[in-house]
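Hi,

Here is the structure I promised to send over.

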Amino acid sequence: MNDSSTGLPFLKGHGAENDFVIVPDPDGAIELAPEHVRLLCDRYAGIGGDGVLHAVRSAKNPEAAHLAADAEWFMDYRNSDGSVAEMCGNGVRVFVRHLLEAGLAEPGGDGTIPVATRAGLRRVRLEADGRLTVFMGRAELPDSTGIEVAVGDRRWPARKIDMGNPHAVAFVDDLAQAGHLLDAPSVSPADAYPEGVNVEFVADRGPRHVAVRVHERGSGETRACGTGACAVMVAAARRDGLGPEGLPATYRVDMPGGTLEITEHPDGQIEMTGPAVIVAAGTTTLVRQG
Ligand SMILES: N[C@@H](CCC[C@H](N)C(=O)O)C(=O)O
C-alpha cells in the first residue's frame, strides 16, 4: 500500500449471495497486492466479500492483452485470501452487471458482452427477466479413480471436474453430513489437485434438481459458486446417464444463497443463468492510491 491520501473507489455486489468487492481500474493503474485483497474482503475490518473483481481494460493487463481484440474488459479475480483464480462464475455475472450499470459496455450484435478471464473468453447475455446467462465453455472430466473427499471421519468418492478452475464433486445423502466446513475438506490422494480445489457436496432434491454446499479454494464456505454449480450439473448428468446422449439437459442447482440454472448442450457447451446485483458504491481508505 502506498502512502498518499486518495482513497480507492469500489462497489459491492453479489450473485446468489456469493459476494464481491469490485475495484474499477480501467487503466490498470492499481497494484492490488494480496494484503489489499485480504483487507477489502475482511468481514470485520474491511468491506467484506468472498473475493475481489478487479475490473481492468484487457489491453492494460499483460495477462489479458491477448484477448483485447475480443473483450474490452478483463475480470482479474482474486479470492478473499489474496490468491488468484482462473475463473468465477458468479463473479462474471456481477462483473457484467457493473459494466452495464456503469455504461462501460453494451451487448454486441450477438446480444452478449465478452469478458476476458484467466480461463479464456466468456460471453454474458442479459435475460428479459434481469438474470444473466454466462456461456461457460466445456467441462473437462479427467480420470477421477480413487479420489475421495473427507470431513471428520466421513469419506465420499469425488468426481474431478475442471471448469477453468478445479472442482471435486461428492454426492451425499444429506448436506448436513458435510458439517460446519470451517476448515477445508481433506482431499485424497494428496497430489490429486496440485493447485488446490473447490469442493462441492451435492444432495438430490428431485429429477434434475440438486442442492449444494461448497467449500471454495481461497475463500472457505460460500453461499454459492457458479463454476461449482456447473461442475455439479455435469457430474449429476453423467451419473444420471446423460451426455452426449440425452443432452441438452437443464438442472436446477440450489445453494444456500440462491438458485442457478445450468444447461449442458450436446456439444458440451455449458450455460449458467442466475442473478447478479450491485448493492453499494463508495470510496475506501483501506487501500490508498497515488
Ligand atoms: N465463487 C466462484 C469461484 C471463485 C474461484 C474459486 N474460489 C477458485 O479458487 O477456483 C464461482 O462462482 O465460480
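Where does Cys225 lie? Cys225 is in the loop between strand S15 (220–222) and helix H3 (226–239). Helices here are DSSP runs of H or I with at least four residues, strands are runs of E with at least two, and both are numbered from the N terminus.

Before the rest, two notes on the basis. Residue numbers start from 1 along each chain as its sequence is written. The model is predicted, so local features need pLDDT of at least 70 and side-chain atom pairs count only at pLDDT 80 or more, while totals for chains, interfaces and linings use all residues.

The UniProt "active site" annotation, from an unreviewed entry, covers Cys88 and Cys225. UniProt positions follow the numbering used here, feature names are shortened, and annotations may be inferred rather than shown by experiment.

Cys88 sits in the loop between strand S4 (73–79) and helix H2 (89–101). Cys88 counts as buried because it has 31 C-beta neighbours inside 10 Å; Cys225 is buried too, with 35. (Buried means 20 or more other C-beta atoms within 10 Å of the residue's own, exposed means 12 or fewer, and partly exposed is in between; C-beta atoms are placed from the backbone.)

Leaving out residues up to four places away in sequence, Cys88 touches Gly51, Tyr77, Gly226 and Thr227. With that same exclusion, Cys225 touches Asn18, Gly89, Asn90, Asn198, Val214 and Glu216. A contact means that the two C-beta atoms, placed from the backbone, lie within 7 Å.

**The binding-site residues**

UniProt's "binding site" list, again from an unreviewed entry, includes Asn18, Asn79, Asn198, Arg217, Gly226 and Thr227.

Asn18 is in strand S2 (residues 18–24) and is buried, with 32 other C-beta atoms within 10 Å. Apart from neighbours within four places in sequence, its contacts include Asp50, Asn90, Cys225 and Gly257.

Arg217 is in the loop between strand S14 (209–216) and S15. Arg217 counts as partly exposed, with 19 C-beta neighbours inside 10 Å. Beyond residues up to four places away in sequence, Arg217 touches Asn79, Gly196, Val197 and Asn198.

**Domains**

The chain divides into domain 1 (6–131 + 276–289) and domain 2 (148–272), with bounds from an automatic or database domain assignment. Taken over C-alpha atoms, their centres are 24 Å apart. Domain 1 gives 18 residues to the contact and domain 2 gives 20. On the domain 1 side, five of these are nonpolar, nine polar and four charged. (Nonpolar covers Ala, Val, Leu, Ile, Met, Phe, Trp, Tyr, Cys and Pro; charged covers Asp, Glu, Lys and Arg; the others, Gly among them, are polar.)

**Hairpins**

Strand S16 (residues 249–255) pairs antiparallel with strand S17 (residues 258–264) over seven bridges, and the two form a hairpin with two residues between them. Pairing needs at least two DSSP bridges between the strands. Ala249 has Glu264 in S17 as its bridge partner.

S17 also pairs antiparallel with strand S18 (residues 269–274), over four bridges, and Ile262 stands opposite Met272 in S18. That hairpin has four residues between its strands, and Gly268 in the turn has a positive phi of about 90°.

Cheers
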